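Get it up on screen, and let's walk around it together.

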Amino acid sequence: MVSIRFNQQWFDVSDDETVLDALLREGVSVPYSCRSGACQTCMMRAETGKPPEDAQKGLKPTRKARNHFLACLCKPEMDMEVVLPTDLPPPVKATVKRLLPLSADIIEVTLTTEIPVDYRPGQFITVMSPDRLSRSYSLASVPEEDEGLVLHVRRLPGGRVSGWIHETLREGDTLECSGPLGDCFYVPGQPSQPLLLIGTGSGLAPLYGILRDALRHGHDAPIRLFHGSRDAEGLYLQNELRILAENDPRFDYTPCLSGSEAPPNHAQGRAHTVALTDIANLTGWRIFLCGHPEMVQQARFQAFLAGALLDDIHADPFSLDKLETE
Ligand SMILES: Cc1cc2nc3c(=O)[nH]c(=O)nc-3n(C[C@H](O)[C@H](O)[C@H](O)COP(=O)(O)OP(=O)(O)OC[C@H]3O[C@@H](n4cnc5c(N)ncnc54)[C@H](O)[C@@H]3O)c2cc1C
Ligand code: FES
């Protein structure tokens, strides 16, 4: 067993426990969001002791060199004295410009920020609620086409931040956000490489941004989007996507239903299963997977088996919430 010192107090960290879990177990309030190494909200710095390499995944070399680490990944190998970093860029103040329901449980949130945020569609920002909880949401907007940062937020049963966004947040309200982060976005330069986009639930958000960004950059090759949900109520932006597909021969859209019987123009089955049955050979394809972590994990493995290079598979697994189902 090792110990960490935070805010002048020592805490034991059990074998196989992370620094974040140990602090939360002791009721210490520290920032966190995804608990899986994606959002960097839980970043800390070791003043003494060295964090394991695994806890520094995705951090800039300059931060690694200064012993920064992600508390949610850090299973310390020695005693460490840790602090919150003091050199993080301050959060940006944003105003809710528009709230628009997209389906029974997904709302589109458009934010305008006090200072411009430089982002690529598909990256994510981290939003802070009034009770200082941080949650990440992907960017569905395209900076060159849309005014403001556009998020699609799905209400989770009992979800604290998504519940606040759906029930309490109003147009004109202000909030704090940070970011952007993430490398699940379109990089121009290989316009003849076919693109496969697979998403579940509000995982459509980053894909909607990536799709429009690729079309805007003049991507030549086919772009196939498979959006999955358990039932028809979970699908959204269907009209917009169908119109886009009808008017652009490069783009094809398949809504997929896994739980209920699929009506005409829908595929029956889970989005990644439908996609990988339809496109059996993925050699040379660039793939984007967004949404439920289980879908992302399975689809990544199957896409690799179907010939895709791991470097060509980009993924944004949303946080693991057992109640969110495809
Ligand atoms: C990179 C990234 C991008 C993301 N992009 C999006 C996006 O574009 N759109 C989107 O909608 N989401 C997105 N997410 C997910 C989002 O960040 C939040 O995780 C989500 O909104 C849930 O937050 P919450 O505070 O509402 O739920 P929480 O309060 O954190 O709860 C999550 C779930 O756990 C359940 N729960 C909470 N506490 C307990 C408990 N003690 N016991 C049992 N169950 C419990 C809740 O009922 C809920 O279903 C993204 C996540 C990541 C990591
Ligand atoms: S909470 Fe640790 S990286 Fe998101």
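Start with N7, which sits in the loop between strand 1 and strand 2. In this predicted model, the backbone does something worth a look there: N7 has a positive phi of about 50°, even though N7 isn't a glycine. Q8 is found in the loop between strand 1 and strand 2 too, and Q8, also not a glycine, has a positive phi near 65°.

Are N7 and Q8 buried or exposed? N7 counts as exposed because its relative accessibility is 62%, and the cut-off for exposed is over 50%. Q8 is exposed as well, with 71% relative accessibility. Here are the two side by side:

| Residue | Phi | Relative accessibility |
|---|---|---|
| N7 | about 50° | 62% |
| Q8 | near 65° | 71% |

Now for the inside. The largest nonpolar core has 25 residues, and the members that touch the most others are F6, V19, L23, M44, F69 and M80. Which of them gives the largest share? That's helix 1, with 4 residues. Apart from this core there's another one, made of 23 residues, including L111, V161, W164 and L169.

One last stop is further along the chain. P180 belongs to strand 11, which covers residues 174–181. The peptide bond joining G179 and P180 is cis, with omega about 10°.

Conventions. Residues are numbered from 1 along each chain as its sequence is written. Chains are lettered from A and ligands numbered from 1 in the order in which they are written. This is a predicted model: local features need pLDDT of at least 70, side-chain atom pairs count only at pLDDT 80 or more; totals for chains, interfaces and linings use all residues. Side-chain values use heavy atoms; hydrogens and water are left out. A nonpolar core is a set of buried Ala, Val, Leu, Ile, Met, Phe, Trp, Tyr and Cys residues joined through side-chain atoms within 4.5 Å. Buried means under 20% relative accessible area, exposed over 50%, partly exposed in between (1.4 Å probe, protein chains only). Helices (H or I, at least four residues) and strands (E, at least two) are DSSP runs, numbered from the N terminus.
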